[in-house]
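Please read them beside the sequence and the model.

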Amino acid sequence: MTSQPNPFAPHWLIRDIVISAHRSVVGEGGLLFVGDSLVEGFYWNRIGSLPVLNAGYSGIWTEALEPRVPLLLKSARPGIAVLLVGTNDAKKDCTEASLDVVAGHFERILGHFEDAGVPLVVMTPPPVEKAKRLTGFYASDAMASLSRRIVAMADGRVSGIVDLQKAFADEDGAARAGMSVDGIHLSAQGYRLMRNMLETTIAAVTARRGHDGRAEEG
C-alpha cells in the first residue's frame with residue numbers, strides 16, 4: 001500500500017504540525033489518542049481527568065500509522081494511550097490475505113506501546129452503516145473480520161478493549177441507524193457513545209493502576 005501515491009500526505013503533514021503544537025498544551029502524562037479519521041474527528045479535549053492529545057490522521061491505514069507510533073510515544077510521553085486504526089484497511093474488495101498483512105502491522109504497533117511501557121486501550125473499527133454515501137466503499141465482512149483479529153491480538157496484551165464493532169451493531173451486524181453520517185464516519189450520537197465507553201474503560205484502567213501503586217498518590 002505504501003508503494004501507491006498517497007493523496008493524504010499533505011494533510012498528514014499539517015496534522016503533524018498541529019499535533020506538535022497541541023502537545024505542548026497537553027504536556028506529559030496525558031492521553032494519546034492515535035489513529036485514523038475517526039480519531040481526528042473526536043472533539044473532546046479531556047477524558048475524565050486526562051487531557052487528550054488527538055493524533056488522528058484522516059485516511060491513514062495500519063501500515064502507514066506503524067512508523068509514526070514510536071515517534072508519537074517518544075515526543076508526547078503519554079500516561080495512557082488509545083488506539084483506533086484499521087478502518088481504511090477494510091475497503092471494498094479487501095481479502096483475508098490482505099488482512100493477514102494488516103494484522104502483522106497491528107502486532108508491531110502493539111509492540112511499540114509495550115516497549116514504551118504505556119498502558120493502551122484498543123478500539124475496533126465500527127460496523128458499516130447501510131445505505132449511506134460511503135457504504136459501498138467499505139467491506140462490512142472485512143471490517144468485522146479485522147475487528148475480531150484486533151480483539152484476539154489485543155487480548156491479554158493491553159489494558160482495555162472497546163469493541164465498537166459489537167457496541168454499534170444491530171442484529172444483522174450492520175451499524176445501527178444514526179451511528180454514522182456517511183456510512184463510516186461517526187455522527188454526534190456515535191461519538192457520544194464512543195466517549196462514554198472510553199470514559200468507563202479508562203476509569204477502570206486508572207483505578208487498577210492505582211491499586212498497583214503506579215498512579216499518583218492522592
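1. Strand 1 and strand 4 pair in the parallel sense over five bridges, where strands are DSSP runs of E of at least two residues and helices are DSSP runs of H or I of at least four residues, both numbered from the N terminus; two strands count as paired if DSSP finds at least two bridges between them. Within this pairing, Leu83 of strand 4 is the bridge partner of Val34.

2. On the basis of the model: it is predicted, with local features requiring pLDDT of at least 70 and side-chain atom pairs counted only at pLDDT 80 or more, while totals for chains, interfaces and linings use all residues. Residues are numbered from 1 along each chain as its sequence is written, and side-chain values use heavy atoms, with hydrogens and water left out.

3. On confidence, pLDDT being the predictor's confidence in each residue on a scale from 0 to 100, the protein chain averages 93, and 94% of the residues score at least 70. Over residues 211-218, however, the pLDDT is below 50, and this stretch has three contacts in the model beyond near neighbours in sequence, a contact meaning heavy atoms within 4.5 Å.

4. The sheet is open and has six strands in the order 2-3-1-4-5-6, with mixed pairing. Strand 2 (46-47) and strand 6 (160-162) are the edge strands, each pairing on one side only.

5. Strand 1 (residues 31-35) is largely enclosed by the rest of the structure, because five of its five residues are buried, that is, under 20% relative accessible area, with exposed meaning over 50% and partly exposed lying in between (1.4 Å probe, protein chains only). Leu31, Phe33 and Gly35 point one way from this strand, Leu32 and Val34 point the other way, and all are buried. Strand 1 also pairs with strand 3 (residues 50-56), again in the parallel sense and over five bridges, and there Val52 of strand 3 is the bridge partner of Leu31.

6. Strand 4 (residues 80-84) runs parallel to strand 5 (residues 120-123), to which four bridges join it. Ala81 has Leu120 of strand 5 as its bridge partner, and Val82 stands opposite Val121.

7. Arg77, in the loop between helix 4 (68-76) and strand 4, has a phi near 50 degrees, a positive value in a residue other than glycine. Ala131, in the loop between strand 5 and helix 6, likewise is not a glycine and has a positive phi of about 60 degrees; at 77% relative accessibility, Ala131 counts as exposed.

8. Helix 5 (residues 96-116) and helix 6 (residues 140-154) pack at an angle of about 35 degrees with their axes 10 Å apart, the axes being lines fitted to C-alpha atoms over the stretch in contact and the angles running from 0 to 180 degrees between N-to-C directions. Among the residues making the contact are Leu99, Phe106 and Leu110 of helix 5 and Leu146, Ile150 and Met153 of helix 6.
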